[in-house]
Amino acid sequence: MSKQFAVIGNPIEHSRSPELHHQFAEKTHIDLSYKKRLAELDDFEVSVKDFFSDANAVGMNVTVPFKAQAFALCTHLSERATIAKAVNTLWMENGELHGDNTDGQGLVEAIHALDWSLQNSRILIIGAGGATRGVIYPLAQAGVTHITIANRTLARAEQLVSDLRDAVPHIELSACGLDQLHGEYDLIINATSASLTGDTLILPETLQFKYAYEMAYGKPSSFIDQAKARGVPTSEGFGMLVGQAIEAFYIWNGVKPNLKDFI
Ligand code: ATR
């Protein structure tokens with residue numbers, strides 16, 4: 001029987017994880033089966049336990065809206081999952097549930113695959129939700145020296161900065177409101193859900209940047225449109241999705257597929 005994997009979420013139909021993991025398996029000659037698993041909102045824990053009761057079950061990815069519940073369920077957490085307060089990768093070891101969060105490293109790998117340098121860079125992240133929280137520590141580990149978090153609701157950005165400051169003491173971390181966007185950055189990242197809901201983000205002329213990354217993908221993005229109009233290189237979140245999947249695959253199987261083969 002092949003190794004069993006699944007991605008759990010609600011909704012789950014749109015997930016591209018099974019397709020990606022089967023592509024990695026083919027490339028690395030690993031025999032596995034990776035399925036989508038829909039859980040009811042109040043049934044996450046039961047569904048996870050049921051999955052891991054199969055002797056061939058190896059790992060699970062966790063997506064919206066269960067990453068915080070997965071974090072709460074684990075008895076062993078990686079440092080980056082502890083800081084993110086969210087788990088997207090689960091596995092069992094000696095009967096105990098382990099959790100990691102590969103989303104941030106997925107973004108770092110996607111940026112490296114674009115040959116955009118993070119070393120000594122200044123980054124502006126727009127948005128102060130879970131997506132932003134998950135990427136700060138991996139970005140700092142990748143050599144970023146300055147991160148500004150800009151959010152529509154300023155208090156949320158300030159809260160995130162105060163929560164994360166001790167986790168990344170060697171970088172300059174600051175918060176601002178969306179109406180205060182200005183200055184020079186190497187990279188700006190849209191971590192808001194604006195493009196998913198069809199909302200427009202305005203990037204003022206006083207904001208200068210060399211690269212722009214949109215975490216969402218497959219939707220029209222006013223953020224990307226404005227960056228392109230300025231002639232700035234852009235990318236959308238498919239690379240990050242592949243990057244987080246590769247990191248999870250590596251944790252479970254000990255083999256790391258090459259990101260550039262899949263984007
Ligand atoms: P996630 O976990 O994906 O980050 P979230 O926690 O719901 O999702 O956060 C969504 C982020 O997108 C927030 O920073 C939100 O700003 P607020 O904190 O002010 O709500 C931001 N956001 C959503 N729609 C937006 C819009 N139209 N313009 C600007 N920011 C928006």
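**Ground rules**

I am working from a predicted model, where local features need pLDDT of at least 70, side-chain atom pairs count only at pLDDT 80 or more, and totals for chains, interfaces and linings use all residues. Residues are numbered from 1 along each chain as its sequence is written, and side-chain values use heavy atoms, with hydrogens and water left out. My helix and strand names follow DSSP runs, numbered from the N terminus (helices are H or I with at least four residues, strands are E with at least two).

**Helix α9 and helix α1**

I began with α1 (residues 17-28) against α9 (residues 238-253): they pack at about 55 degrees, with axes 10 Å apart. The axes are lines fitted to C-alpha atoms over the stretch in contact, and angles run from 0 to 180 degrees between N-to-C directions. α1 is therefore oblique to α9; under 35 degrees would count as roughly parallel, over 145 as roughly antiparallel, 65 to 115 as roughly perpendicular, and the rest is oblique. The crossing of α1 and α9 is right-handed, that is, the near helix is turned clockwise from the far one by less than a right angle.

I then listed who touches whom, with contact meaning heavy atoms within 4.5 Å. From α1 come Ser17, Leu20, His21, Phe24, Ala25 and Thr28, and from α9 the list includes Phe238, Leu241, Phe249 and Trp252. By class, I note 11 nonpolar, four polar and no charged residues between α1 and α9. Here Ala, Val, Leu, Ile, Met, Phe, Trp, Tyr, Cys and Pro count as nonpolar, Asp, Glu, Lys and Arg as charged, and the others, Gly among them, as polar.

**Helix α5 and its two partners**

Next I looked at α5 (residues 103-113), whose axis comes within 7 Å of that of α9, crossing at roughly 120 degrees. The pair α5 and α9 is therefore oblique, and the crossing is right-handed. Asp103, Gln105, Gly106, Leu107, Glu109 and Ala110 of α5 meet Gly239, Met240, Gly243, Gln244 and Glu247 of α9. I wrote down three nonpolar, five polar and three charged residues for this contact of α5 with α9.

With α6 (residues 130-141), the axis of α5 comes within 7 Å and crosses at roughly 55 degrees. That makes α5 oblique to α6, again with a right-handed crossing. Gly104, Gln105, Leu107 and Val108 in α5 face Gly134, Val135, Pro138 and Leu139 in α6. The class count for α5 with α6 is five nonpolar, three polar and no charged residues.

**Ligand**

Which of the 15 residues around the ligand come nearest? I found Ala128, Asn151, Arg152, Thr153 and Arg156, where being near takes a heavy atom within 4 Å. I also checked polar contacts (N or O pairs within 3.5 Å). Polar side-chain atoms lie 2.7 Å from a ligand oxygen for asparagine 151 and 2.5 Å for threonine 153. For arginine 152, a side-chain N or O atom is 2.9 Å from an oxygen atom of the ligand.

**Backbone details**

I noted a cis peptide bond between asparagine 10 and proline 11, with omega about 5 degrees; proline 11 sits in the loop between β1 (3-9) and α1. Valine 64 and proline 65 are also joined by a cis peptide bond, with omega about 5 degrees, and proline 65 is in the loop between β3 (57-62) and α3 (67-73). Lysine 85, not a glycine, has a positive phi of about 55 degrees, and I placed lysine 85 in the loop between α4 (79-84) and β5 (89-93).

Note on methods: A polar contact is a pair of N or O atoms within 3.5 Å; within protein, one must be able to donate a hydrogen and the other to accept it, and residues adjacent in sequence count only if both atoms are side-chain atoms.
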